[in-house]
Amino acid sequence: MVRKTSGKPAEAPPPDPMPSRVLPCLAMLVDKPPKGQEWAFEVKWDGYRLAIHIEFGRVRIITRGGYDWTERFPAISDDAHRLGVKTAILDGEAVVLDDSGRSDFGMLQRALGGRPASHEPGEIILFAFDLLYLDGCDLRRLPQRERRRLLEQVVAVDRRGAIRLSEEVEVDGDEFLRVACALGIEGIMAKDRERPYRSGRRPDWLKITCTRYDSFLIVGFEASTVPGAIGRLLLAARRGSELVYVGGCGTGWTRQESSDLRDLLEQIATDSPAVSLKRKSAVFTEPVLVAEIEYRAWTDEGKLRHPSFKGIRERADEVTVFDLSASQSASKG
């Protein structure tokens with residue numbers, strides 16, 4: 001039996017309403033890259049997470065926290081008008097690249113103002129890594145591989161300008177992480193190709209960071225609000241014949257370890273700080289104890305980023321303390 005039709009063409013479905021804001025998908029931190037063909041890998045960029053809303057001739061740039069920062073990213077806003085789309089929402093990371101092509105969070109902060117900057121706001125680049133909405137279609141329900149295919153049609157692989165594509169790398173995850181860490185990159189991202197875009201912290205996206213371990217001299221501490229415990233260790237590194245303060249570390253120990261460490265440090269307290277540092281609340285110590293520290297990177301001011309205490313050595317003369325001179329020479333080479 002043949003069903004009669006009216007002969008009228010089928011009406012196009014109404015467009016999906018464009019959301020005014022999309023809460024970002026956040027990656028879970030894991031120790032190792034996942035295995036399997038369903039995982040796509042990218043560089044982990046060190047910058048500000050942004051959503052670029054292109055809305056019929058105007059552009060809004062929304063931060064992860066929901067603030068409108070359009071005026072702070074003029075080059076990205078201007079370039080968004082040249083993408084050739086009517087409406088879209090791009091998910092990406094705003095960065096400033098150093099001379100080696102690595103994203104540098106310190107340079108990004110200075111480019112955004114507040115301190116003298118060697119980089120201008122126009123040098124801030126957005127690396128786009130997802131497409132959430134396009135010309136009336138909400139893409140969040142699509143798998144990552146399909147959103148990626150559409151993203152590459154909007155932001156070409158070889159595109160240059162303020163908006164660029166965060167490229168996927170077809171390589172084994174363990175090898176990619178090894179190379180990324182050797183190049184001084186913060187880490188890598190792994191994304192499940194079959195998953196839709198879901199807001200919040202999910203196992204759909206994974207981040208694997210490059211952690212570093214080095215030895216630093218303890219030159220003092222600040223007391224905790226917990227009686228008898230340590231709030232922060234004050235750390236130093238060598239630069240030639242002098243010691244230089246490299247920041248404080250306030251995590252990584254148990255309550256008992258903190259108490260024991262404070263007892264030990266109080267025995268070697270001194271009125272003559274080993275570094276040039278003025279802290280009213282600090283108790284300075286003789287630089288004879290060495291802390292093993294895990295950290296992510298260095299700030300632009302020469303301080304440790306995200307340090308965590310891993311252990312202590314009691315003989316500074318038997319341990320190779322981090323040498324800033326050697327590190328700076330290697331980075332220039």
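This is a predicted model: local features need pLDDT of at least 70, side-chain atom pairs count only at pLDDT 80 or more; totals for chains, interfaces and linings use all residues.

Visitor: How many helices and strands does the protein have?
Guide: Helices (H or I, at least four residues) and strands (E, at least two) are DSSP runs, numbered from the N terminus. Counted that way, the protein has six helices and 18 strands.

Visitor: What percentage of the residues count as buried?
Guide: Buried means under 20% relative accessible area, exposed over 50%, and partly exposed in between (1.4 Å probe, protein chains only). The protein has 333 residues, and the share of them that counts as buried is 48%.

Visitor: Of the contacts with a separation of 6 or more, what share comes from residues 24 or more positions apart?
Guide: A contact means heavy atoms within 4.5 Å. Among contacts in the protein with a separation of 6 or more, residues 24 or more positions apart account for 67%.

Visitor: Which strand gives the most to the lining of the largest cavity?
Guide: On a 1 Å grid over the protein atoms alone, a cavity is a set of points where a 1.4 Å probe fits but cannot get out, and a pocket is an open set with protein on both sides within 12 Å along at least five of seven lines; lining residues have an atom within 4 Å of a point. The structure holds one cavity of 30 Å³ or more, and its lining includes Arg21, Leu50, Thr63 and Tyr197. Strand 3 (48–55) and strand 4 (58–63) each supply at least two lining residues. The most, three residues, come from strand 3.

Visitor: How much space lies in that largest cavity?
Guide: Grid points are joined across faces, edges and corners, and a volume is the space filled by probe spheres set on the points. For the largest cavity, that space is about 90 Å³.

Visitor: Which residues lie nearest the centre of the second largest pocket?
Guide: This pocket has a volume of about 640 Å³. Strand 1 (25–29), strand 2 (39–43), strand 3, strand 9 (187–192) and strand 10 (200–209) each supply at least two residues of its lining. Of the 29 lining residues, those nearest the centre are Lys44, Trp45, Gly47, Arg64 and Glu93.

Visitor: Is Glu294 buried or exposed?
Guide: Glu294 sits in strand 15 (residues 290–295). Its relative accessibility is 18%, so Glu294 counts as buried.

Visitor: Which side chain has a polar contact with that of Glu294?
Guide: A polar contact is a pair of N or O atoms within 3.5 Å; within protein, one must be able to donate a hydrogen and the other to accept it, and residues adjacent in sequence count only if both atoms are side-chain atoms. Not counting residues up to four places away in sequence, Glu294 touches several residues, including Arg212, His306 and Lys310. Its side chain makes a polar contact of 2.6 Å with that of Tyr213.

Visitor: What is phi of His306?
Guide: Most residues other than glycine have a negative phi. His306 lies in the loop between strand 17 (304–305) and strand 18, and is partly exposed, with a relative accessible area of 48%. Its phi is positive, near 55°.

Visitor: And what is phi of Asp135?
Guide: Asp135 is in the loop between strand 6 (125–134) and strand 7 (137–138). With a relative accessible area of 41%, Asp135 is partly exposed. Its phi is also a positive value in a residue other than glycine, near 45°.

Visitor: What distance separates the C-alpha atoms of Phe322 and Arg239?
Guide: Phe322 lies in the loop between strand 18 (308–313) and helix 6 (324–332), and at 12% relative accessibility Phe322 counts as buried. Phe322 and Arg239 are 83 residues apart along the chain, and their C-alpha atoms are separated by 8.8 Å.

Definitions and conventions: Residues are numbered from 1 along each chain as its sequence is written. Side-chain values use heavy atoms; hydrogens and water are left out.
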